[in-house]
Every structure is written in structure tokens, then in C-alpha cells.
Amino acid sequence: MYTKGFISGAVIIGAAAAQQTAWGQCGGSGWTGPTTCVSGYTCTYSNDWYSQCLPGAAGTTTKTTTTTTRAATTTTAASNPTPTLYLCGDSTMAKSGANDGSTDGWGNQVAKYFTGITVNNQAIGGRSARSYTREGRFNTVIGLVKAGDFVVIEFGHNDGGSLTSTDNGRTDCPGTGSETCPVTYNGVAETVLTFSAYLEKAANALKAKGAIVILSSQTPNNPWEGVTTFPSTSNPVRFVPYTETSASRTGTTYVNHWLYSMDLYKRLGASATNAVYPKDHTHTSPTGADHMARSFIKGLQCSSNALKNKINASAASVVSGSCL
């Protein structure tokens, strides 16, 4: 069962409850919701923009923030001469992929196509937008970013499923807005948000720190698996359009990584595509991860995001295709 509510601005969880649920936001600059947590949890400071209810004695935030007045600054890529690119995602992006010795994530291959930027790959296998949020991993990146840094967020592979039977801790609440689903996961009550809400909450918090955010749609599963005719791209998995909608709502760049990857796989053909899926239809070999990195670079080249100015000359010789 899920319920619909009203979201005002960047506030995802309403302030009607006297105490915030486990793992929920409980503080931060501009936060107007609950500032205390349910029994067994404490409102723990992560950074000036985000505090979260984490396991521990109930209470208020563990750090007092002093408000100061600062001169207004303009956030542009040029204001940070040595930016970092942070990557937030799952095993298809993570170093070593599924950690099986045969696969790799595209985030481990993409750095060679950039110059003048450091890549910090915070992707981790098995995560969804929900579990990445609950575990505080977005908080970690929010705490690390400086104005002018870039952040790519890409989820979807682990966000499906159902909350009606056994909750795996990764499935999101159905819907694309403010719907919420109360569940109990590992014996702990949790208010589950939609995929869209998790992405938008993270994007807005990162933008508040001056980061330049890119929302990227998930990579495809092997489209040539068990077929001889390449499938249509007109009906992608639902998290692809969800990501595009969230990018529009948050005013961030959208890269249709799924579509650019499908375009590359179509041009590669069945034999070459099947060869880069050594274990299953989701995780690629290092060669396949490089294909996915090049697909992302192509989508980035076709965007207006300032990160494309960091693409180096060597990418030109290996990144092909047209803007889609």
C-alpha cells in the first residue's frame, strides 16, 4: 500500500509527523520537516545541508550549526579549476562490476576520456536509489563536493520489484512523485519514497552545494540476448523516462545513457555484443564497460553540460555515432 502526499519545493517527507522515521532526513539548511527521530534513532549531522535519522539513542541533531552571512558567489565550472567528477550508481558503474573477476563498471573506464578532472567513483554494487540513500552514500558525496564539482547519478537496475511480499531493501515506492510506502525492513520501520523522489532529493542537495549534477539513465541489459532482430528502443524500462523527468524537475542535465548504449550495441551487432556479457545479461566485461563509458561520453558530448569541455582528444577517435 502506498499513499500520496504533497511535496513543497525540495522537501520530500512532510512535516506533519512529530518525529522522523528511521533513516529519514531530520535537518539541514532549508529543512522544515521533523528534527527529532523515532525511538532508537538519533538525528545525526552529515553536513550543513543534510542530517539523517541513524541508529542510536533518540534525540536532536548531534551538531549545532551556526548560521553565518557570506557574500553571494556565482557557481560555474570555471570557478573550480581542479574539479572532481563524482559517480553515484550500482555495479554497472562500480569498479570491478559484480566483483566476480570477470566484469567491470563503466565508471572504472571513463576517466581516460577526460583531462583536467579527477574521477571519484562512489558507485557500489547491488544498490538502488533507495538503498544508496538509506545507507548514507549520497550524504557522503554531498559532504565531499565543492562548488564547481560534477556529480553523475545513475540508478535503475536494482530499483524494481515489489514491496507487497518480501522487501529486499532496494525496491522503491511505486509512482513518480510524492507517493510513500511504509514498510518494515530488517525489523526497522522505513518510509520508502519513489525512485524520482530519491533522485530529486539528492540532486537538489548537491546543487545547493554548488555541484553540477547530471542525471543519467541506466545502461541496458544485453539487447541481443536470445534474438536475431534488434529490439525497438521506443519502450525503455520505466526508470529511463523517470530519470529524464527528474532531471527536468531539478533543472539538471539529462544523459540518456540507455539510448546511446542501445545505439552502440545495434551498430556492434549480436556477436560482438554478446561477447561482452560473460556472466549474465546485466554486467559487462571490461571491454563492455568501456563501450558503456564511450556511450556516456557520446551522450555528454551531445548535451550542454560544462563537463563536456573536459572530454579529451583521445575520445574523438573511439566515440562514434550521432546525437540522438
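This is a predicted model: local features need pLDDT of at least 70, side-chain atom pairs count only at pLDDT 80 or more; totals for chains, interfaces and linings use all residues.
Which side chain meets Lys146 in a salt bridge? The partner is Asp149, with 3.6 Å from N to O.

The average pLDDT is 87, and 84% of the residues score at least 70.

Take Asp167 and Arg130, whose closest N and O atoms are 2.8 Å apart. Asp167 lies in the loop between strand 6 and strand 7, while Arg130 belongs to helix 1, so this pair ties together parts that are 37 residues apart in sequence. Both Asp167 and Arg130 are buried. They also belong to a network of salt bridges that links them with Arg134 and Glu190.

Another salt bridge joins Glu200 to Arg249, with 3.0 Å between the closest N and O atoms. Glu200 is in helix 3 and Arg249 is in helix 4, so here the parts tied together are 49 residues apart in sequence. Glu200 is buried, at 12% relative accessible area, but Arg249 counts as partly exposed at 45%.

Now have a look at helix 2, residues 137-144. Its buried residues are Phe138, Asn139, Val141 and Ile142. Why do they end up on the same side of helix 2? They cover an arc of only 165 degrees around the axis. As a general rule, an α-helix has 3.6 residues a turn, so residues three or four places apart point the same way.

Last stop: the cysteines. The structure holds 2 disulfides. In one, Cys173 and Cys181 have their sulfur atoms 2.1 Å apart, and both residues are buried. The torsion about their S-S bond is about 65 degrees, so this disulfide is right-handed. In the other, the sulfur atoms of Cys302 and Cys323 are 2.0 Å apart. Here the torsion is about -85 degrees, so the disulfide is left-handed. This pair links distant parts of the chain, 21 residues apart: Cys302 is in the loop between helix 7 and helix 8, and Cys323 is in the segment after helix 8. Cys302 is partly exposed at 26%, while Cys323 is exposed at 53%.

Notes:
Residues are numbered from 1 along each chain as its sequence is written. Side-chain values use heavy atoms; hydrogens and water are left out. pLDDT is the predictor's confidence in each residue, from 0 to 100. Buried means under 20% relative accessible area, exposed over 50%, partly exposed in between (1.4 Å probe, protein chains only). Helices (H or I, at least four residues) and strands (E, at least two) are DSSP runs, numbered from the N terminus. The arc is that of the directions from the helix axis to the C-beta atoms. A disulfide is a pair of cysteine sulfur atoms within 2.5 Å. A salt bridge is a side-chain nitrogen of Lys or Arg within 4 Å of a carboxyl oxygen of Asp or Glu.
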